[in-house]
Amino acid sequence: MNIPSFREEHGAAATLVAILLVVLLGMAALVIDEGWLLGSRRRIVQGTDASALAAAMSCGLQEGQASADGVAISYAQANEANAQIADGYPFYDPSCDAPGGRVTVEFASEEDQFFSPAVGRPATAPVGWRATAVWGAASGASGIMPFMLSAGRLTDCEIPPPDPDYDPGTCHFAFDNGEIGSAQWGQMNFNEWNVAGDAGCSSAGTSTSIDWIRNGSPFLSMNWPAPTYVCRDTGNAVPVWEELGSEEMVGQVRQFPVNDPGDIVGDGIHGQVDQSGALCPPPCSPHKYDIIGFAELRIISVLRGNKGGAEACPGLPSDPNSWCLTAEWVGYSSTIGGEPCPDCPSFGVVAVRLDA
């Protein structure tokens with residue numbers, strides 16, 4: 001009787017293993033390599049966004065294009081070491097030296113692929129990203145002092161300076177209660193910020209004003225290009241002025257809102273106003289100030305007219321109702337939370353954000 005013989009099947013197992021190995025390599029290429037690319041892309045995106053913001057801030061702080069170019073590359077490569085900037089970038093519009101504008105950066109890197117070559121795919125794969133950031137004068141700020149500074153007086157003191165390397169030194173701001181219309185600084189009521197031109201006004205009260213000086217204001221924003229009217233505080237309580245000149249405040253760097261006393265902007269719309277909302281340029285006594293920006297200065301002294309103020313501010317009467325503020329320019333600064341306004345007047349406080 002013949003016993004049937006069966007064909008050897010050892011080769012079939014080897015073939016199956018080879019097929020499965022190819023499948024496994026393909027899955028590894030998809031999972032590991034694609035996962036690596038996803039992580040690399042995330043690092044490139046984060047680095048490029050950080051690069052654009054850093055370059056915009058450098059331009060806003062008037063550090064010059066060379067500095068902006070340098071920080072753009074360093075921030076990108078801090079997030080992705082292989083990041084290479086594309087030709088023609090950073091691109092500045094209109095220029096890094098402008099008070100406001102946009103900067104665009106583009107970075108890419110070639111990332112190694114570990115398993116993909118085994119299944120016929122390239123040994124490297126590109127990842128890249130482009131980002132734009134905008135800088136400009138801050139259109140809002142928090143923690144500001146409840147005293148306006150006159151844009152005209154800041155200009156006379158060359159604040160901010162026309163040359164970033166120039167130090168304008170100290171500046172004196174005079175307040176004469178007998179000539180409020182020509183005041184170079186003055187008290188404000190933040191409770192009546194951004195009111196109608198013909199709105200009524202009142203005093204914030206001594207304790208509230210002192211709290212703003214000690215702890216800063218809430219976030220306050222401007223309406224630019226429309227005017228932002230803020231009520232002049234009529235209280236003028238002596239303890240409020242003295243608080244700004246206290247030992248705790250002298251030497252501190254603080255931000256102040258800037259008032260346009262008489263259409264310094266030059267568009268026929270801006271300027272302090274009277275009770276009816278009509279423009280009220282000096283020597284007209286204003287009912288509301290028109291805030292067009294923010295300035296940052298170091299407080300040197302606040303002196304009453306009859307206690308050294310008349311000597312500190314030439315021309316100020318030796319009067320107990322007069323006050324002299326002495327402050328100094330400390331350079332360009334940045335603020336958190338304020339939207340950048342490339343077209344707003346700049347008094348040195350800038351903001352940046354990624355462009356949508």
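## Burial and overall make-up

Buried residues account for 45% of the 356 residues in this protein, as computed from a predicted model. The secondary structure consists of six helices and 16 strands. Among contacts between residues at least 6 apart in sequence, 73% join residues at least 24 apart.

## Nonpolar cores

The largest nonpolar core has 53 residues, and the members that touch the most others are Leu154, Phe173, Trp185, Trp193 and Leu244. Strand 12 (residues 288-304) supplies the largest share of this core, with eight residues. A second, separate core contains 18 residues, including Ile44, Ala52, Ala56 and Ala72.

Once neighbours within four places in sequence are set aside, Phe173 is in contact with Leu149, Arg153, Leu154, Gln184, Trp185, Leu297, Cys313, Trp323, Cys324, Leu325 and Ala327.

## Aromatic pairs

The whole structure holds nine aromatic pairs. In one of them, Trp185 and Trp241 have ring centres 4.8 Å apart and planes at 85°; the pair is edge-to-face because that angle is over 60 degrees. This pair links distant parts of the chain, with Trp185 in strand 8 (residues 185-195) and Trp241 in helix 5 (residues 238-244), 56 residues apart. Both Trp185 and Trp241 are buried. The two tryptophans also belong to a cluster in which ring pairs link Phe147, Phe175, Trp185, Trp241 and Trp323.

Phe190 and Trp193 form another edge-to-face pair, with ring centres 5.7 Å apart and planes at 70°. Phe190 has a relative accessible area of 6% and is therefore buried. Trp193 is also counted as buried, at 11% relative accessibility.

## Largest pocket

Strand 7 (residues 170-176) gives the largest share of the lining, four residues. By residue type, the lining divides into seven nonpolar, four polar and three charged residues.

## Helix 1 at Ala54

Ala54 is part of helix 1 (residues 10-60). Its relative accessibility is 13%, so Ala54 counts as buried, the cut-off being under 20%. Beyond neighbours within four places in sequence, Ala54 is in contact with Val71 and Tyr75. The C-alpha atoms of Ala54 and Ala68 are separated by 7.3 Å, and these two residues are 14 residues apart along the chain.

## Backbone exceptions

Most residues other than glycine have a negative phi, and most peptide bonds are trans. Trp224 and Pro225 are joined by a cis peptide bond, with omega about 15°. Pro225 sits in the loop between strand 9 (220-221) and strand 10 (229-232). Another cis peptide bond joins Pro282 and Pro283, with omega about 10°. Pro283 lies in the loop between strand 11 (253-259) and strand 12.

Asn194 is not a glycine, yet its phi is positive, at about 60°. Asn194 is located in strand 8 and is partly exposed, with a relative accessible area of 38%. Asp263 also has a positive phi, near 55°. Asp263 is found in the loop between strand 11 and strand 12, and at a relative accessible area of 25% Asp263 is partly exposed.

How values were computed. Residues numbered from 1 in each chain as written. Predicted model: local features only at pLDDT ≥ 70, side-chain atom pairs only at ≥ 80, totals over all residues. Heavy atoms only, no water. Helix = DSSP H or I, 4+ residues; strand = E, 2+ residues; numbered from the N terminus. Nonpolar A, V, L, I, M, F, W, Y, C, P; charged D, E, K, R; others polar. Phe/Tyr/Trp six-rings, centres within 6.5 Å; stacked < 30°, edge-to-face > 60°. Buried < 20%, exposed > 50% of the residue type's maximum accessible area, 1.4 Å probe, protein only. Core = buried A, V, L, I, M, F, W, Y, C linked by side-chain atoms within 4.5 Å. Contact = heavy atoms within 4.5 Å.
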